[in-house]
Amino acid sequence: MKKVYLETFGCQMNVSDSERVATSLAKNGFEITPVETEADVVLINTCSVREKAEQKLYTRVGEIRNSFEKKPLVGVLGCVAQLEGETLFDKIEGIDAIVGTKAVGRISHIIDRVLDGEDGIVDLGEREKEYDWTVSDPQRHSPFVAFVPIIEGCNKFCTYCIVPFSRGREVSLPASEIIRSILEMRRSGIKEVHLIGQNVNSYRPTTDSGLEGFHGKTPFSRLLRAVAATGVERVKFNTSFPRDFRSDIVDAINEHENLCNWVHLPVQSGSDRILRSMKRGHTVESYRRKIDYIRASPRDISITTDIIVGFPGETDADFDETMRLAEYAGYDQAYIFKYSPRPGTPAFDMADDVAPEVKTRRFRELETVQRRTQNRRLERYIGRVLDVLVERPATRHSEQVSGHSPCHKVVNFAGPREMIGQIVKVRISEIRSNSLFGTLDRTA
Ligand code: 5AD
Ligand code: SF4
């Protein structure tokens, strides 16, 4: 049996693609190994959203070629593969196959060809029309948490972003299939599903099957209600696109306990001038109104975001506005990025005129302010009891286990490994840098 080691960089869509790759390989007689040095084939699922992410591919291929005794075959998957195509063969020595973002369904056939000694395989073709939902024994990153892609690709073309080029146009998957697979997951022990997509709330299936009867609501909020009705314990979803984020999504959360109280709503900037130049389709004011509506929910919804500092033309005044909006929103967590020009995007033709040290300074300032907000948000939980889905042993303490709350906080507590897979009540006693700590609450 040939052994395949699979390494994944980037977003949840890549994690999900890797799960499909692993499932397909396992079904076709390959062994997925966690030990990279034993592998006959190493597959690297790549990310190209920022230059640093792309750089990792180059570093990893070098390491594999130079330090492994057994020289495995190397396949490059994902966004870098899709964007670079066969030019990657010239850029990096030692690659045997290039597999684009839409070719994941054909992976085992491709690996067979590589193992048969075929050189220079490139597959950047389209996804198969028939989406294989009915996989038995799927390989997942967790036995209790499942990522469910509901919409793939992106039509938004924010000027800094490579995703519309690496993942193509938006395609929504049929609601009836999504519901059917979630029912199946629920039966097989999945406790939490994450509906994923670059913009989940732009969900718009061509046939509306399974989504009837919610007149005037967005297809996404109707899908949310339908998923809630499957009875799966927890439903999370990300990422939400601000322009398409309507109040009916919050209303659905308010009405369904199993729709989790967490919204990831990337703002990117707090300056209208920069937002326009990014072509985000929202203004500071429209974004604030959405935050207000979310904050008014009785579900105490936590809000997380992505912010880019140092976009072309960003002045100190623009950045101040970002700081102010971040403080206004009171994010539970913010992923902050320094602008990284991506060849092929519209912003690549704008002068990258914010000096690196200015980007760094803004990054740190925002980080400091956000750290304060985040601590304030975390402190609110002290003394409260949270439902925690126990997912794994804690990394640093062998007697502790770790999981997530519905508001998507990491919670650690002392507990036996037998609890993994259960949802238990934990009383929060301390905050750590990015997580909560507590004790099992047997009284609640
Ligand atoms: N430079 C920096 N950050 C970027 N992101 C996307 N493209 C770029 C870029 N060119 C960030 C955005 C997005 C997140 C996934 O990555 O904040 O929401
Ligand atoms: Fe990129 Fe904008 Fe699409 Fe998000 S919405 S993937 S930032 S183009």
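**Contacts, cores and rings**

Trainee: Which residues does Phe 144 touch, leaving out those up to four places away in sequence?
Mentor: Phe 144 touches Gly 189, Ile 190, Lys 191, Glu 192, Leu 389, Val 390, Ile 420 and Gly 421, where contact means heavy atoms within 4.5 Å. Keep in mind that this is a predicted model: local features need pLDDT of at least 70, side-chain atom pairs count only at pLDDT 80 or more, and totals for chains, interfaces and linings use all residues. Residues are numbered from 1 along each chain as its sequence is written, chains are lettered from A and ligands numbered from 1 in the order in which they are written, and side-chain values use heavy atoms, with hydrogens and water left out.

Trainee: Where is Phe 144 found, and is it buried or exposed?
Mentor: Phe 144 is in the loop between β6 (121-123) and β7 (145-149); helices (H or I, at least four residues) and strands (E, at least two) are DSSP runs, numbered from the N terminus. Phe 144 has a relative accessible area of 16%, so it is buried. Buried means under 20% relative accessible area, exposed over 50%, and partly exposed in between (1.4 Å probe, protein chains only).

Trainee: How many residues apart in sequence are Phe 144 and Gln 422?
Mentor: They are 278 residues apart in sequence, with 8.8 Å from C-alpha to C-alpha.

Trainee: What domains does the assignment give?
Mentor: Domain 1 (3-123), domain 2 (137-379) and domain 3 (385-440); the bounds come from an automatic or database domain assignment. The C-alpha centres of domain 1 and domain 3 lie 34 Å apart.

Trainee: Now the largest nonpolar core. Which residues touch the most other members?
Mentor: Ile 150, Val 193, Leu 195 and Leu 223, out of 53 residues in that core. Helix α8 (residues 219-228) gives the largest share, six residues. A nonpolar core is a set of buried Ala, Val, Leu, Ile, Met, Phe, Trp, Tyr and Cys residues joined through side-chain atoms within 4.5 Å. A second, separate core has 19 residues, including Ala 53, Ala 81, Leu 88 and Ile 92.

Trainee: What does Ile 150 touch, not counting residues up to four places away in sequence?
Mentor: Among them are Val 171, Leu 195, Phe 220 and Leu 223.

Trainee: Switching to rings. How many aromatic pairs are there?
Mentor: Four. Rings of Phe, Tyr and Trp (its six-membered ring) pair if their centres lie within 6.5 Å; planes under 30 degrees apart count as stacked, over 60 as edge-to-face and the rest as tilted. Phe 157 and Phe 165 have ring centres 5.5 Å apart and planes at 80°, so that pair is edge-to-face. Phe 157 is partly exposed at 27% relative accessibility, and Phe 165 is partly exposed at 37%.

Trainee: And Phe 220 with Phe 237, what are the distance and angle?
Mentor: The centres are 5.2 Å apart with 70° between the planes, which is edge-to-face. Phe 220 sits in helix α8 and Phe 237 in strand β11 (residues 234-238), 17 residues apart. Phe 220 is buried at 0% relative accessibility, as is Phe 237 at 1%.

Trainee: Which residues do ring pairs link into a cluster?
Mentor: Tyr 160, Phe 311 and Tyr 339.

Trainee: Last one: where does Gln 370 lie, and is it buried or exposed?
Mentor: Gln 370 lies in helix α13 (residues 356-379) and is buried, with a relative accessible area of 4%. Leaving aside neighbours within four places in sequence, Gln 370 is in contact with Tyr 331, Asp 332, Gln 333 and Ala 334.
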